[in-house]
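Biologist: I am new to this structure. Could you take me through it step by step?

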Amino acid sequence: MSERDGMERRDFLSCMAWTGGGLLWSLAGGVPRARLFGPGAAEAAEDGGFRFAQISDTHIGFKGGANPDALGTFRAALTRIEAMNPKPAFVIHTGDISHAQKAGAFDTVKEALAGVGVERVFYVPGENDVFADGGAEYLSRFAAGGRGWQSFDYRGVHFVGLVNVFGFKAGKLGSLGAEQLGWLERDVAALPGSTPIVVYAHVPLWAVYPQWGWVTDDGAQALGYLRRFGSVTVLNGHIHQIMQKVEGHVTFHTARSTAFPQPAPGAGPGPGPMTVPVGELRGMLGVREVRYAPGRERLAVVDTALA
Amino acid sequence: MRIPITTMLVTTMTALLLVGPARAPAQMDTARVEIQAHGFSTPTLTVKPGTTVTWTNRDDDVHTVTSVANRFRSPGLDTGETFSYTFTQPGTYEYFCTLHPLMTGTVVVTPVRSGS
């Protein structure tokens, strides 16, 4: 990659950080942080709200040149979650727990996250977690006999976990499928429009970059069931970088990985692990804290890098 | 000493079977496809029946080589790992990566023309 390409990518990422809802970058104890600016947004937890954490794309088992120690950076991410004050109520893992279903990866992540001192950890799978066996191992460990999609309520917020990595077809984009869409429509049908909704899934539900498969084929149909709600927050992984978009009452966020970065959309011949200078790697990996305060339409999203 | 004519015939026919033109289709052909930058280096590869195609993953990511019609299916291939399949029958074989389904390829196996 030429220096010119590198500059363009940095400029692009810089621009992306400022699009949509307005992320404010600052330094807190030497740690670069981004937070949604606006009156009192950062004080959500003191307003009777709560906080939760998002971790994504841990890719345990990855040993490529982009990060020979994905286990080490995963453990560094856990210390970031443990350091959150006040503690998050729970953690959501948005998939690619394992790198290509490497043996032992599910156990490693499940045991480690169970030790960070939160009430519960919720999972959705990435394609790396299901490609080899159609999801049999993932579902047996994480879905308690279900199909992997799930919903729950926490202190007035309705959370929906969706699965868009099953049954990939040649030349086609990932999708949710009719069965899951029907379930989603029924799941939210009885909720009043004032209920805050948080949707999480691995592959972005919005069209980040379809040429690289960074979209869910029937994501728009799912979002159609949520348009009537006054506050919808969509959390995704898969692309290993922070991007944000706002459409009406819907705010979309993609998260960093804890394992390796990927190129900005269209920067380079294709997606995949991106090797950066050693000193820059941890600055491109991280975890996320999401803060909810009753009465505020948008949740505050705070991304913390590992360096 | 006279050699019975039947013995001579059998000997000659055996020799023909061993070295004659009937051996040509059994010749081992090979072809290679590189997996790089989330793509297959030869998206459409044309080979003769009996050709063994070997895919090599040059990416930092895991990929698979999976037949759309379920004829062959590699495990997840890490960097540097290979997968081979021998195409014995003429036809068109479409395949893709089950991790990155926009990565697609085709192997076309052309019939061997008589006399060639």
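Modeller: Helices (H or I, at least four residues) and strands (E, at least two) are DSSP runs, numbered from the N terminus. This is a predicted model, in which local features need pLDDT of at least 70 and side-chain atom pairs count only at pLDDT 80 or more, while totals for chains, interfaces and linings use all residues. Residues are numbered from 1 along each chain as its sequence is written, and chains are lettered from A and ligands numbered from 1 in the order in which they are written.

Biologist: Which residues of α3(A) are buried?

Modeller: In α3(A), the buried residues are A:A105, A:F106, A:V109 and A:L113. Viewed down the axis of α3(A), they fall within an arc of 100°, so they line one face of the helix. The arc is that of the directions from the helix axis to the C-beta atoms.

Biologist: Why do residues three or four places apart point the same way in an α-helix?

Modeller: An α-helix has 3.6 residues a turn, so residues three or four places apart point the same way.

Biologist: And what does the face turned away from the buried side of α3(A) carry?

Modeller: That face carries the exposed residues A:D107, A:E111 and A:A114.

Biologist: What do the buried residues of α3(A) pack against?

Modeller: They pack against β4, β5 and α5 (136-142) of chain A. Here two residues are in contact if their C-beta atoms, placed from the backbone, lie within 7 Å.

Biologist: How do β4(A) and β5(A) run, parallel or antiparallel?

Modeller: β4(A) and β5 (residues 120-123) run parallel, joined by 4 bridges. Two strands pair if DSSP finds at least two bridges between them. One bridge partner of A:I92 is A:F122 in β5(A). The chain passes from β4(A) to β5(A) through α3 (residues 105-114), and this β-α-β crossover is right-handed. Right-handed means that, with the strands pointing away from the viewer, the path from the first strand over the helix to the second runs clockwise.

Biologist: How many bridges join β3(A) to β4(A)?

Modeller: There are 3 bridges between β3 (residues 50-55) and β4 (residues 90-93) of chain A, and these strands run parallel. A:I55 stands opposite A:H93 in β4(A). The chain goes from β3(A) through helix α2 (residues 70-82) to β4(A) in a β-α-β crossover that is right-handed.

Biologist: Where does A:E119 lie?

Modeller: A:E119 lies in the loop between α3 and β5 of chain A. With 11 other C-beta atoms within 10 Å, A:E119 is exposed. Leaving aside neighbours within four places in sequence, A:E119 is in contact with A:A89 and A:F90. A:V91 is 28 residues from A:E119 along the chain, and their C-alpha atoms are separated by 8.4 Å.

Biologist: Changing topic, what is the strand order in the open sheet of 6 strands?

Modeller: The order is β6-β7-β8-β9-β11-β10 (chain A), with mixed pairing. The edge strands, β6 (150-154) and β10 (243-247), each pair on one side only. β6(A) and β7 (residues 157-161) run antiparallel with 5 bridges between them, and A:Y154 stands opposite A:V157 in β7(A).

Biologist: Is A:A190 buried or exposed?

Modeller: A:A190 counts as exposed, because it has 7 C-beta neighbours inside 10 Å. A:A190 lies in the loop between α6 (178-189) and β8 (197-201) of chain A.

Biologist: Let us turn to chain B. How many helices and strands has it?

Modeller: Chain B has 1 helix and 8 strands, and from the N terminus on they run α-β-β-β-β-β-β-β-β. Of the 116 residues in chain B, 28% are buried.

Biologist: Which strands form the open sheet of 4 strands there?

Modeller: The order is β2-β1-β4-β6 (chain B), with mixed pairing. β2 (39-40) and β6 (82-87) stand at the edges with a single partner strand each, so one side of each is left without a neighbour in the sheet. β1 (residues 29-36) and β2(B) run antiparallel, joined by 2 bridges.

Biologist: Finally, how many residues does the contact take from each chain?

Modeller: The contact takes 20 residues from chain A and 19 residues from chain B.

Key: Buried ≥ 20, exposed ≤ 12 C-beta atoms within 10 Å, placed from the backbone.
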